[in-house]
Amino acid sequence: MTSSSKRKEESHLANGGVKQSTWSKAFNSNAVWEEKDEFLDVIYWLRQIIAVILGVIWGVAPLKGFLGIAIFCIINAGVLYVYFSSFQQIDEEEYGGTWELTKEGFMTSFALFLVVWIIFYTALHFD
């Protein structure tokens, strides 16, 4: 923790504020994000969670090919867009614009999705 963020936290706690955990802020509508990286971390990890869930679903329901990939991309980008624009109502320009937030962690989540999808599909639907 840097000294400036530590001082900010200490002054916030000294003024009667209670420090919220990152995940409690993530599920709290209109949370105040004092650190830019903290919100970007939440976006990144939510995207990974979505990738695992959709990978399992796609593997169990034997979805194949481009249709599965396209639906994943639409759901992954759409859910996160609704999360940061409607639920958190943050100013996208503070984070580099809508496109920067939409692509934050997308490629790693895509790779994770493919791995989970392939593992579950192969384990359940072998010929």
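These questions and answers cover the helices of a predicted model and a few of its residues.

User: What makes up the chain, helices or strands?

Analyst: There are six helices and zero strands. From the N terminus on, the elements run α-α-α-α-α-α.

User: How much of the chain counts as buried, and how much area does the chain expose?

Analyst: Of the 127 residues, 31% count as buried.

User: What share of the contacts with a separation of 6 or more comes from residues 24 or more positions apart?

Analyst: Such residues account for 72% of those contacts.

User: Why are H3 and H6 called roughly parallel?

Analyst: Look at the angle. The axes of H3 (residues 36–60) and H6 (residues 106–124) cross at roughly 25 degrees. Angles under 35 degrees count as roughly parallel. H3 and H6 are therefore roughly parallel to each other. Their axes come within 7 Å, and the crossing is right-handed.

User: Which residues make that contact between H3 and H6?

Analyst: On the H3 side, the residues include Tyr-44, Gln-48, Ala-51, Gly-55 and Val-60. On the H6 side, they include Phe-106, Thr-108, Leu-112, Val-116 and Leu-124. By class, the contact of H3 with H6 has 15 nonpolar, five polar and one charged residues.

User: How do you know that Gln-48 is buried?

Analyst: Its relative accessible area is 7%. Buried means under 20%. Gln-48 therefore counts as buried.

User: Where is Gln-48, and what is Gln-48 in contact with beyond its neighbours within four places in sequence?

Analyst: Gln-48 sits in helix H3. Leaving those neighbours aside, Gln-48 is in contact with Gly-105, Thr-108, Ser-109 and Leu-112. Take Thr-108 as one of these. Gln-48 and Thr-108 are 60 residues apart in sequence. In space they are 7.6 Å apart, C-alpha to C-alpha.

User: What describes the packing of H3 against H4?

Analyst: Two packed helices are described by the angle between their axes and the distance between the axes. For H3 and H4 (residues 65–87), the angle is about 145 degrees. The axes are 10 Å apart. The crossing of H3 and H4 is right-handed. Among the residues in contact are Phe-39, Ile-43, Leu-46 and Ile-50 of H3. H4 brings residues including Ile-71, Ile-75, Val-79 and Tyr-83. The residues of this contact divide into 16 nonpolar, two polar and one charged.

User: What makes Ile-71 partly exposed?

Analyst: Ile-71 belongs to helix H4. Its relative accessibility is 29%. Buried means under 20% and exposed over 50%, with partly exposed in between. Ile-71 therefore counts as partly exposed.

User: How far apart are Ile-71 and Leu-54 in sequence and in space?

Analyst: Ile-71 and Leu-54 are 17 residues apart in sequence. From C-alpha to C-alpha, they are 9.7 Å apart in space.

User: Which residues of H4 and H6 meet?

Analyst: From H4 come Gly-65, Gly-68, Ile-69, Phe-72, Cys-73 and Asn-76. From H6 come Phe-106, Ser-109, Phe-110, Phe-113 and Trp-117. The residues of the contact of H4 with H6 divide into seven nonpolar, four polar and no charged.

User: How do you know that Gln-89 is exposed?

Analyst: The relative accessible area of Gln-89 is 52%. Exposed means over 50%. Gln-89 therefore counts as exposed. Gln-89 lies in the loop between H4 and helix H5 (98–103).

User: What is the phi of Gln-89?

Analyst: Gln-89 has a positive phi of about 50 degrees, although it is not a glycine. Most residues other than glycine have a negative phi.

Terms used:
Residues are numbered from 1 along each chain as its sequence is written. This is a predicted model: local features need pLDDT of at least 70, side-chain atom pairs count only at pLDDT 80 or more; totals for chains, interfaces and linings use all residues. Side-chain values use heavy atoms; hydrogens and water are left out. Axes are lines fitted to C-alpha atoms, for helices over the stretch in contact, and angles run from 0 to 180 degrees between N-to-C directions. Helices (H or I, at least four residues) and strands (E, at least two) are DSSP runs, numbered from the N terminus. Angles under 35 degrees count as roughly parallel, over 145 as roughly antiparallel, 65 to 115 as roughly perpendicular and the rest as oblique. A crossing is left-handed if the near helix is turned anticlockwise from the far one by less than a right angle, and right-handed if clockwise. Contact means heavy atoms within 4.5 Å. Ala, Val, Leu, Ile, Met, Phe, Trp, Tyr, Cys and Pro count as nonpolar, Asp, Glu, Lys and Arg as charged, and the others, Gly among them, as polar. Buried means under 20% relative accessible area, exposed over 50%, partly exposed in between (1.4 Å probe, protein chains only).
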